[in-house]
Amino acid sequence: MAVPIMPLAFLLASPLTAPAQTRIRVGTCARTLTAGVGSQFAVAQKLGWFAQEGLDVEVVPLTGSTDCVTFVATREFLITLPSMEPLAIARQQGVRIKNFYTAYQTPGYAIAVPAESPIQKLADLKGKTIGVTNMASAGVIIARALAATSGLNPDTDINLVVAGEGPQPAALLRSKQIDTLRQFDTQYALIENAGVKLRILDKRPIERFPSNGFIALEETIQTRARELIGFARAYAKGTVFTMANPEAAVRVLYDVFPFTRATGKDETTAVREDVYVLGARIPQLKLEPAGVRRWGETNEAHLSEYMDFLLKWGVLKQRVEAGDLMTNELIGEINRFDADAIAKTAREYRLR
């Protein structure tokens, strides 16, 4: 299957001269590279951490998590960053792919409504129109599952439509063409930056479950472990840096990917708004809420609970074992770096 040409394909060319670099393609699972997704990659590029691992990393935004799983299955991409739901669905179809590094330890997914909306609880979604980024997004799966938890029939009681990303969903909410959104943390921050204040409905049914992580074919995990470890270690360093100094991470993002800076805004406003977007993602990067201690580690018990949840509410047709979707076998090597030293570098960083 050929990958469609995307409007944005970003080459992370190494700033250091490093012999025998291996080029790898990594797919992110939204059309737009935002501060919440791109900062970790940009920092790992700018500070030479990918190059130190002998890697030349190309980052390509894809349409959604479903496509991210498909393109790993068809070997178009070595690594992508989807959520767990389409990975579990693909497993039922015999696709042998695993998450080897959980990047977002808790879900940024939720159903949001305008702050003044009369919708107060999930059951109030009956007969409402819910905007998702696209029909390949895991948002479709989550919206249907959350509707089912409140006693609604996801086939007949809710209407899912494509609302797009960035300012487009804000415009649709203002014009009341949609009633609510099932998107995710950084998209909601972008919408609030566009002037629409949002309110999150109850997300307790899913708040403990692991979210997006880096996936690869099982055979790739065995045969190309060195590259996967090196990639994830550089990304983990980028994560530590980003959490320690979000403003510096945003400025690095602009330096590495100049097109990510919003046009028509002065630098102070652009940085402030993108720090807000990044701040919406940082809670999902933290280890403590997930009950893990190492970067990229997956809480298998929490993932098993999620599989039970998806089975109960009809997303899965048969049980999928958590151990068939994830592995922590590379995590020890991935974490062979000094996180405190990286955080110190971030706090003292000045863009050069």
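**Entry 1**

I began with Arg 336, which counts as exposed at 58% relative accessibility (exposed is over 50% relative accessible area, buried under 20%, partly exposed in between, with a 1.4 Å probe and protein chains only). I was working on a predicted model, where local features need pLDDT of at least 70 and side-chain atom pairs count only at pLDDT 80 or more, while totals for chains, interfaces and linings use all residues. I number residues from 1 along each chain as its sequence is written, and side-chain values use heavy atoms, with hydrogens and water left out.

I then looked for the partner of Arg 336 and found a salt bridge to Glu 333, at 2.9 Å from N to O (a side-chain nitrogen of Lys or Arg within 4 Å of a carboxyl oxygen of Asp or Glu). Glu 333 is partly exposed, at 36%.

**Entry 2: Asp 155 and Arg 144**

I counted salt bridges by this rule and got 23. One of them joins Asp 155 to Arg 144, with the closest N and O atoms 2.7 Å apart. I noted Asp 155 as exposed, with a relative accessible area of 58%. Arg 144 is partly exposed, at 29%.

**Entry 3: Lys 344 and Glu 348**

I found a salt bridge between the side chains of Lys 344 and Glu 348, at 2.8 Å from N to O. I have Lys 344 down as partly exposed at 44% relative accessibility, and Glu 348 as partly exposed at 49%.

**Entry 4: a network**

I also looked for linked salt bridges. Arg 91, Arg 96, Glu 218 and Asp 324 form a network of them.

**Entry 5: Thr 327**

Where is Thr 327 found? I placed Thr 327 in the loop between helix H12 (300-312) and helix H13 (331-334). Is Thr 327 buried or exposed? I have Thr 327 as buried, at 9% relative accessibility.

The side chain of Thr 327 makes a polar contact of 2.9 Å with the side chain of Glu 329 (a pair of N or O atoms within 3.5 Å; within protein, one must be able to donate a hydrogen and the other to accept it, and residues adjacent in sequence count only if both atoms are side-chain atoms).

I then set aside the neighbours within four places in sequence and listed what Thr 327 is in contact with: Lys 98, Asn 99, Phe 100 and Ile 221 (contact is heavy atoms within 4.5 Å).

How values were computed. Helix = DSSP H or I, 4+ residues; strand = E, 2+ residues; numbered from the N terminus.
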